[in-house]
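This report describes selected strands and how they pair. The sequence and the structure come next.

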Amino acid sequence: PQPLSKQTEQTSSIHLSIVSQLKSIRSKIIEIIDRSNPHRIRSMNSYQPLQKGLEVAFVGNDPLLLPSPIILGEGPYWDSQRNVLWWVDIKGERVLKYDPATKVNICQKVPLGEPVAAVVPSKEKPDSLVIMCMKGIYSYNFENNTTSLITVAETKPENRHNDGRADRNGRLWTGSMQGDESGKVKGSLFVVDPITKNVTKAVEECTMSNGMAWSPDNKTYYWIDTPEKAVFAFDYDEATGQLSNRRKIISISSGDPDGMTIDAQGKLWIAQYGGGCVSRWCPDEKKEIFRVNLPVSSVSACCFGGKNLDQLYITTSAKDVNYAKEPLAGSLFVYKHPTEEIRGLPQPYFGA
């Protein structure tokens, strides 16, 4: 038999040859796709230098991984039982599951023919999710790609659901907005009871209900009405879910505040749509203390995930974006602070 080093050398040579052939095949496939659709770009070869600690988790317009590009990535939600990230493509009517262990992202087009605004894991049905769509709130089995209606919150024909989250008592909070984003018809902020599934309004009228979070002590509720360019705080009654004492605590000048999350230190992380960043704020001091800059202008939402909840997942939008200038628009990013230990809070499930 040949010496081990010689066998290893041959094996390595064969491996490199296979990798080279696969790269060549990939390039040819992408070239064919690009010729058939000039609006698609080879974003895998178009990365820009990223801020330290920031990585691309999933490319939103890779033609080999998706049948069509992510249009409006939104609603990231970390599932601590499955150790995966759920997120949605609102305009593409899709739910996506990203597994950081395997780097695999699975995509399902929901068979309702309407926007999918947000996703929350279900406590009552471990094999299902809760999705907020145009008007209805549905139980959704991702594996079987089937839906069943839970309840209807928004009844205005012009409106659709937007961001949504569960609180630590299992209630579902979901806001609404006008579907064409004109703001002429007012939306609301709804709460769905985890047992009865009855719907009440926490905020009667708003323009575009968006990001939300609860303080670590569960005494304050933070909420964004995007056209107001502001974050509002409320006193929060954990037992009843009632809000009171609304006040504006943060004003955003660069872009529009969109999705939002909170860390274990009680600091807010705000996605700035049109501002190209996620900013970290101290709500007590009403002061920005840090920001993560992204190579995409339309930054839509964020949440903490990973087994230690120390990774910030960030969704972006490719809606009305020039891919030539922003090749990573629609991609999913992940950020971990290179020096400071920052962790998020576990994200609750909907249900009693």
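Two strands are taken to pair if DSSP finds at least two bridges between them. The model is predicted.

**The open sheet**

An open sheet is formed by 4 strands in the order β1-β24-β23-β22, with antiparallel pairing. Its edge strands are β1 (54-58) and β22 (299-305), each of which pairs on one side only. From one strand to the next, the twist averages 30°. Strand β1 is joined to β24 (residues 332-335) by 4 bridges, and the two run antiparallel. Within this pairing, Leu 54 has Tyr 335 of β24 as its bridge partner.

A residue counts as buried when its relative accessible area is under 20%. Both faces of β8 are covered: one side carries Gly 136, Tyr 138 and Tyr 140, the other Ile 137, Ser 139 and Asn 141, all buried.

Strand β8 pairs with β7 (residues 129-132) in antiparallel fashion and also runs antiparallel to β9 (residues 146-152). Opposite Ile 137 of β8 stands Met 132, while Tyr 140 stands opposite Thr 147 in β9. Both pairings are hairpins: 3 residues lie between β7 and β8, and 4 residues lie between β8 and β9. In the hairpin of β8 and β9, Asn 145 takes a positive phi near 55°.

The bridge counts of the pairings described above are listed here.

| Strand pair | Bridges | Direction |
|---|---|---|
| β1 and β24 | 4 bridges | antiparallel |
| β7 and β8 | 4 bridges | antiparallel |
| β8 and β9 | 6 bridges | antiparallel |

Key: Residues numbered from 1 in each chain as written. Predicted model: local features only at pLDDT ≥ 70, side-chain atom pairs only at ≥ 80, totals over all residues. Heavy atoms only, no water. Axes fitted to C-alpha atoms, helices over the stretch in contact; angles between N-to-C directions. Buried < 20%, exposed > 50% of the residue type's maximum accessible area, 1.4 Å probe, protein only.
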